[in-house]
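Work through these exercises with the structure beside you. Try each task before you read its solution.

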Amino acid sequence: MDTLSRLEQTIAQRRAADPAESYVASLHAKGLPQIARKLGEEGVEAAVAVLSGSAEELTGEAADILFHLLVALDARGIGFDRVLEELDRRDGISGIAEKASRSA
Ligand SMILES: N=c1c2ncn([C@@H]3O[C@H](COP(=O)(O)OP(=O)(O)OP(=O)(O)O)[C@@H](O)[C@H]3O)c2ncn1[C@@H]1O[C@H](COP(=O)(O)O)[C@@H](O)[C@H]1O
């Protein structure tokens with residue numbers, strides 16, 4: 001099993017754990033707004049690391065954002081396979097051409 005699939009499974013298992021013992025459960029206990037807030041925070045931290053962080057710092061922030069994205073998707077009942085399907089659907093469609101087709 002690949003790393004993201006394993007993490008997705010772990011997150012789903014930890015959702016209903018004791019919030020005192022599980023960070024995933026503690027996020028759920030605080031609710032969707034907190035899950036969304038953490039994802040936003042991690043996004044900003046990753047963006048800052050792109051501009052001024054070391055390779056190590058950016059790697060850590062990238063891991064944080066993937067973790068918090070998986071927690072958010074799980075909270076909304078959306079499997080990561082759906083995201084991968086969407087990326088597969090976009091495969092070979094230039095972002096420039098796609099944008100132009102929207103304004104046509
Ligand atoms: N990959 C992660 C992971 N990445 C980051 N984090 C946590 O995410 C939090 C990041 O938030 P911050 O850096 O903002 O730190 P903070 O200020 O302490 O956080 P808040 O109190 O603001 O939420 C930290 O507490 C990290 O420990 C993670 N927590 C858990 N996992 C995975 O999830 C699994 C289940 O974790 P538990 O639910 O804790 O058992 C673990 O086995 C890991 O595989």
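**Exercise 1. How many helices and how many strands does the secondary structure of the protein chain come to?**

Before the solution, two notes. This is a predicted model: local features need pLDDT of at least 70, side-chain atom pairs count only at pLDDT 80 or more, and totals for chains, interfaces and linings use all residues. Residues are numbered from 1 along each chain as its sequence is written.

Step 1. The chain has six helices and zero strands.

Step 2. Read from the N terminus: the order is α-α-α-α-α-α.

Step 3. Turn to the radius of gyration, taken over C-alpha atoms; the globule rule is 2.2 Å times the number of residues to the power 0.38. The chain's radius is 16 Å, well over the 13 Å that the rule gives for 104 residues, so the chain is more spread out than a compact globule.

**Exercise 2. Describe how α1 meets α4.**

Step 1. Find the axes, which are lines fitted to C-alpha atoms, for helices over the stretch in contact; angles run from 0 to 180 degrees between N-to-C directions. The axes of α1 (residues 3–14) and α4 (residues 55–75) come within 10 Å and cross at roughly 55°.

Step 2. Name the arrangement. Angles under 35 degrees count as roughly parallel, over 145 as roughly antiparallel, 65 to 115 as roughly perpendicular and the rest as oblique. That makes α1 oblique to α4.

Step 3. List the contacts (C-beta atoms, placed from the backbone, within 7 Å). Leu7, Glu8, Ile11 and Ala12 of α1 meet Phe67, Leu70, Val71 and Asp74 of α4.

**Exercise 3. Now describe how α3 packs on α4.**

Step 1. Helix α3 (residues 32–52) and α4 pack at about 155°, with their axes 9 Å apart.

Step 2. That makes α3 roughly antiparallel to α4.

Step 3. The contact includes Leu32, Ile35 and Leu39 of α3, and Leu58, Ile65 and Leu69 of α4.

**Exercise 4. Which residues are around the ligand?**

Step 1. Apply the cut-off: the C-beta atom, placed from the backbone, lies within 6 Å of the molecule. The residues are Leu7, Thr10, Arg14, Ser22, Tyr23, Val24, Ala25, Lys38, Asp64 and Phe67.

Step 2. Sort by element: α1, α2 (23–30) and α4 each give two or more residues to this shell.

Definitions and conventions:
Helices (H or I, at least four residues) and strands (E, at least two) are DSSP runs, numbered from the N terminus. Two residues are in contact if their C-beta atoms, placed from the backbone, lie within 7 Å.
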